[in-house]
Amino acid sequence: MAVGLEHFLVLSAVLFAIGLYGVLAKRNAVVILMSIEIMLTAVNIAMVAFSRYGQFITGQVFVIFIMVVAAAEVAVGLALIIAIYRSKKTVDSEKFDLMKW
Amino acid sequence: MGMDIAFWILAVVSVASALAVVLTRDLFRAALFLVLCFFTVAGIYATLSADFLAGAQVLIYVGAIGVFIIFAIMLTRDSRQGSPSGRLRLPALFIGFLFLATMIFALVNTDWNVVAEVPTESTTSAIAHAIFSEDGFVLAFEIAAALMLAAIIGAIVLVRDK
């Protein structure tokens, strides 16, 4: 069976599900951020696959913008984690629920 | 045929390394597996004949974000704790599988309008035309630049010593 669009989309869904599990299940804030990166990458794979098999370039332009947003998000996210670590001495997401109502 | 073999190798390695990121308890190894996952995704972009994005993936994700995450792990070292799972592990597993089953069901049962032939020319000039031509994404490009600047200044303000 030749590799087609469905293979790339299923791969993207698998990676997204793994990232979703990591975001919900892990306690270390850095690992949660890493899982979010996996989810963004999975979405990028779907975008590039649609761009390749639909023969339009807009999907790849969107991937570039997603990469920009991911880089900004990881910079601010890790800065937040380091700031929280300075004040609380932990990166365990169950120990800094100070914004929980 | 060669592309099929490449796809299967890259797919298996990327899924295995993504699983290792969320399952291993050692933070530093998780970061290294994340870098491996990003690298194999760059290979998957290459099999999709997205040459520019494969290069950008290696530069941005493997290079910049990988180094950034490893730095953050070094600065917030919690060595005895590692990366344990929280109380929500089983519901998260359930939601993950539910999402995966729904997505695969929807993907396999949709009749996609697919163009099979491989694009032959390089994508770099096509992407440049799509962004910078008259009715392109120039405004979004400028906003992305402003977003990057705001993120950099925000990160500096957040981690600066008071």
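Predicted model: local features only at pLDDT ≥ 70, side-chain atom pairs only at ≥ 80, totals over all residues.
User: Are α2(B) and α3(B) roughly parallel or roughly antiparallel to each other?
Analyst: The axes of α2(B) and α3(B) come within 8 Å and cross at roughly 175 degrees. Here helices (H or I, at least four residues) and strands (E, at least two) are DSSP runs numbered from the N terminus, while axes are lines fitted to C-alpha atoms, for helices over the stretch in contact, with angles from 0 to 180 degrees between N-to-C directions. Angles under 35 degrees count as roughly parallel, over 145 as roughly antiparallel, 65 to 115 as roughly perpendicular and the rest as oblique. The crossing angle therefore makes α2(B) and α3(B) roughly antiparallel.

User: Which helix of chain A has the highest confidence?
Analyst: Chain A has a mean pLDDT of 89, with 98% of its residues at 70 or more. Chain B also averages 89, and 96% of its residues score at least 70. Within chain A, the lowest confidence falls in α3(A), at a mean of 91, and the highest, at 93, in α1(A).

User: How many nonpolar residues are in the contact of α2(B) with α3(B)?
Analyst: Two residues are in contact if their C-beta atoms, placed from the backbone, lie within 7 Å. On the α2(B) side the residues include B:F28, B:F38, B:F39 and B:Y45, and on the α3(B) side they include B:D51, B:Q57, B:Y61 and B:G66. Ala, Val, Leu, Ile, Met, Phe, Trp, Tyr, Cys and Pro count as nonpolar, Asp, Glu, Lys and Arg as charged, and the others, Gly among them, as polar. By these classes the contact has one charged residue, two polar residues and, as nonpolar residues, 19.

User: How many charged residues are in the contact of α3(A) with α3(B)?
Analyst: The axes of α3(A), residues 58-88, and α3(B), residues 51-75, come within 10 Å and cross at roughly 10 degrees, which means that the two helices are roughly parallel. Among the residues in this contact are A:Q60, A:M67 and A:I82 of α3(A) and B:L53, B:F68 and B:L75 of α3(B). The class counts are 16 nonpolar, one polar and, for charged residues, none.

User: Are α2(A) and α3(B) roughly parallel or roughly antiparallel?
Analyst: Helix α2(A), residues 29-54, packs on α3(B) at an angle of about 175 degrees, with the axes 11 Å apart. A:V30, A:M34, A:E37 and A:V48 of α2(A) meet B:L53, B:I65, B:I69, B:A72 and B:I73 of α3(B). The contact has eight nonpolar, no polar and one charged residues. The two helices are therefore roughly antiparallel.

User: Which helix gives the largest share of the side of chain B that touches chain A?
Analyst: In total, 70 residues of chain B are in contact with 63 residues of chain A. The chain B side draws at least two residues from each of α1, α2, α3, α4, α5 and α6, and by class this side has 57 nonpolar, ten polar and three charged residues. The largest share, eleven residues, comes from α4(B).

User: Is A:G77 buried or exposed?
Analyst: A:G77 is in helix α3 of chain A, and its C-alpha atom is 7.3 Å from that of A:L33, 44 residues apart along the chain. A residue is buried if 20 or more other C-beta atoms, placed from the backbone, lie within 10 Å of its own, exposed if 12 or fewer, and partly exposed in between. Because A:G77 has 22 such neighbours, it counts as buried.

User: Is A:Q55 buried or exposed?
Analyst: A:Q55 sits in the loop between α2 and α3 of chain A. Its phi is near 60 degrees, a positive value in a residue other than glycine. Because A:Q55 has 11 C-beta neighbours inside 10 Å, it counts as exposed.

Definitions and conventions:
Residues numbered from 1 in each chain as written. Chains lettered and ligands numbered in written order. pLDDT = per-residue confidence, 0-100.
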